[in-house]
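Good morning, colleagues. I would ask you to keep the sequence and the structure in view while I speak.

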Amino acid sequence: MEKFKNNYIIQAWLVVFLSLCFGSALAGVQLVLSPKIEANKINETLAKVPELILGKEGVKRLAKEGLSLKINPRIIQIKKNNRIISYKVFQAIEKGKVSGWVIKSSGRGYADKIELLIGLNPSLNKISGLFIIEQKETPGLGNKIANLDFRKQFISKNTNTAIIASKTGATSPNEIDAITGATISSRSVCSIVNTAVKDLRSSLKKNQIKPI
Amino acid sequence: MAQDPTSFERFIQGIIPENPVYRQLLGLCPTLAVTNNMKAAMTMAGAVAFVLFGANIVISLIRNLLKPHLRIVIFTLTIATFVTIVDRFLAAYMYSMSKALGPYIPLIIVNCIIIARCEVCASKQSVITAGADAIGQSIGFGLALASIAGVREILGTGMFFGLRVMPLTWPDWVIMVLPPGAFFTLGLLLGTFNLIESKMAKNKNKG
Amino acid sequence: MDYFLDIFLIAIGAALINNFVLYYFVGICPFIGVSRRIDMAVGMGFAVTFVITIAAFLSWTITTFILIPGAPISSFIAGFFISKAEAAHIDLTILSYIVYIFAISSSVQFVEMYVKKFFPVLYKSFGVFLPLITTNCAILFACLVIMSNVAGVENPADAWGLGKALTLAFFGGIGFTIAIVIMSGIREELEFCDIPKSLEGAAISFIVAGILAMAFMGFTGVDSGLKKAMKSKDAALSSKLHILDSESQIPKYLKEAEKIEYLT
Amino acid sequence: MAEKKQEKKPGQAETSITPHIQVAFSPHFSDYSLTTQKVMMDVLIALIPVTGMAIYYFRLYAIKQILVCLISCLIAEAIFMKMRKKPFSLFDYSAAITGLILGLSLPGPAPWYVGVIGSFVAIGIGKVIFGGLGMNLFNPAMVGRAFVMISFAGVMAASGYIDVKGTVDAVSMATPLNAFKQSGTSTAILDLFLGFTNGSPGEVSALACLLGGIYLCIRKTASWEIPTGVIITVIIIGGLSDFLSPQEGWTLFHHLFSGALLFGAFFIATDPVTSPLTPRGKFIFGAGIGAFVMLLRLFSGYPEGVMFAVLLMNAVTPLINRWVPHKTLGERKKQR
């Protein structure tokens, strides 16, 4: 009897019992909430797609006409420097025609990773929108990259030439104004955009999914 | 057991006399990390309140079954479960906030406030007292977070709960929303708290 | 080469730029509480570094092989009960917090026993801190960062390997040691200062920590700078290679290649 | 610790507290006949060439900035000392020096509140909180400057130095370090040496800094080991980086004469209270500053690193004091 009482397993019956209870509680939580979390993750990017391609006006028009945009998400992998890089790309289809692309990309900023969405026109040579999903740049300086004033400079820039952030004010068509005091953050955004577009343009053009 | 504080005493103690942040210096990591704006601070306070309440109730319910050498394991297991639930809940219903708080929600597991309350109160007293204690401590923690976050958000961005309270010409003290500002604010507020307290103690002695 | 550069940057980032204590605020309790004497601070720092590395090893292994969807062990076991295709989707990440905290506490226990038995001298110098470490947020924080870099990445190729995970943990511990040793030196000096009564103790420590955090902010961007300095020569070459295999219809990039600083 | 506090009555004069401090903190004044006042007077004299150059070159900008900082430092000192119920120590000139150095190190066109906030933080958090003169652990002026530098980066860093509307020519160009870091243009060495370039009013002229600094070293108010340490390290690291990856138009001399390096080495780092006690410790302190300055200049996002370097080395000063003399950690234990 004494031996039985001192057995570790018996002593720990409460731990085992609680583990079972909590385990089933967590399984329940997982079952109920995980579809919602997944949906949140997808919606975070998906919800931005129409505006990035069509602009605010375009979205209003779409809503007015009662049309909807069909969005094909897919992952494209390219090989670069012997490393496989994968991008999430959204192809938007309106009335059976490709109306644009959105690329999700990320790169190093001044402080931490910058994650952004780039909207492109159907022939992939003009930027139709830019949205910063995540950034941790210096508040008051670098975090202005998320502001509309900075982002809208990218709209309708030609992607044939790399976009350059200019400290002294944009002069040529492929230049944008860098944020005062946050040149590095501004340049990071440009370089993320440039790299992503450069990496994907040809492969997207080559193997487009046929619009259904 | 006779001298153990009653439910009401526990509740009151948590708010000011035994404030988790200013008096016990517990739970400092979220106190500093998420207080650069009020919204994040209040979400954090809510999450901590939920975990604290849940853990206190469960521990109090099973307090007679606890074995001394296994109690920490059970505390940790309970707390970790509640934290996981709160983390998933935030991810499902407040996705952007859960992203902003990042690792600081799971870090509630090692938040000393909760394990200390389980040890000091819940594992010894009845469910009602444990619940009252959890609520009192949560209010105290929430008030502490609010005081720090209020100062930091107003000075750092000129806003309060995302609404502008300072004139537009207010130059944002960016440092206040960055790590150094957190340390300065907590240090100075702690000093102020001590000062007020010592003055009150003096008055009491005189009277 | 890229791999070692990444490792190097993770190390610098964890130890200096995003110092665990002064930037992420983890491990504040010992930072404020224990750091009264330099030798104690050194002991505490080493103990944390030691445990953090072991915990990181455990959590990386568990995450990679058991917790993430499609992890080999969990899908193998589940394969006995459900179809192989379904088994590959088993996602146990909801258990990660519980698993980590137990991994940490058991590694603390294990380290304590091991050190006590085989290195009594070492045990004397930092053994007393070991039980305290279980609730040190720095260790759980390191595990969480590793998890987000293993399970939270969109591109499986970007997931951290064991080397990166251990580097982050070890240098995070070193960063903690640096901060706590500097702080203890200052606190010894503070004994001679005439601090206002209400600010004595923790309050003045926070203010000093604020000044330290301010000083450490000078390091922001050092990693980008180093990366730029070390990569500038390779960058031109590699982008040329890339242009070759992807149709040469955008010749202008060749000229711009050197200006692109942060390759994903 | 608590007993020590109680010995001091609130009304006690500053002078009677001083001996207690000097035991712990002031063996750095190798000549004990020097009083605090004399030392501070020396520093003020040494700052004359720098201030003169600043006023000559930046005119109103420099005068405005210096005055704002001076006055607010004195007011802050008066307020905070009163709050601590200590005698107001205006006449030891220490607050004035903090104000002057802060004013000289802020960009001329920076708005008034930058100077005011910087001064209050410098005196409040940097000095009085630790017990006032002689007990501060960090250089007050640099604490204040770091605070405003991080807070108001928009009007301080890079663009803070350029005043587009400026009528004075000097402030309408980028600082040499910035110009180089951002667009790769370099400034002529002679201009850097004499000070015909943009920057903080105090730092532009290497010549003025050298003049004042050498005066300080000769008077033994500042210990020569610190600036020597700084300069030697910068020469070594600068030379090495020059050798390994030569950058067009930017040489070792640019590193030496540009930015706040000399100003920092002679006037900021040499603050006797916040630097180590022994000569060897001082040299290590200086070398550390030099190394951090170069690390931050070459790699960090900030164009200049003197301020951060000084704060970092201030922080490790207690450790240098402890480990550099002859004692090691192990030996100390045996003594007990």
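I shall discuss a group of strands in chain A and then a pair of helices in chain B.

Please bear in mind that this is a predicted model.

Let us begin with strand E4 of chain A, which spans residues 113-120. Is this strand mostly covered or mostly uncovered? It is mostly covered, for seven of the eight residues in E4(A) are buried.

On one hand, E4(A) pairs with strand E3 of chain A, residues 97-108. These two strands run antiparallel and are joined by eight bridges. Within this pairing, A:Val102 has A:Gly119 of E4(A) as its bridge partner.

I turn now to chain B. Helix H6, residues 112-122, and helix H7, residues 127-157, have axes that come within 10 Å and cross at roughly 145°. The crossing of H6(B) and H7(B) is right-handed.

Which residues make the contact? From H6(B) they are B:Ile113, B:Arg117, B:Cys121 and B:Ala122. From H7(B) they are B:Thr129, B:Ala130, B:Asp133, B:Gln137 and B:Phe141. Sorted by class, the contact of H6(B) with H7(B) comprises five nonpolar, two polar and two charged residues.

Thank you for your attention.

How values were computed
Residues numbered from 1 in each chain as written. Chains lettered and ligands numbered in written order. Predicted model: local features only at pLDDT ≥ 70, side-chain atom pairs only at ≥ 80, totals over all residues. Heavy atoms only, no water. Buried < 20%, exposed > 50% of the residue type's maximum accessible area, 1.4 Å probe, protein only. Helix = DSSP H or I, 4+ residues; strand = E, 2+ residues; numbered from the N terminus. Pairing = 2+ DSSP bridges. Axes fitted to C-alpha atoms, helices over the stretch in contact; angles between N-to-C directions. Left-handed = near helix turned anticlockwise from the far one by under 90°. Contact = heavy atoms within 4.5 Å. Nonpolar A, V, L, I, M, F, W, Y, C, P; charged D, E, K, R; others polar.
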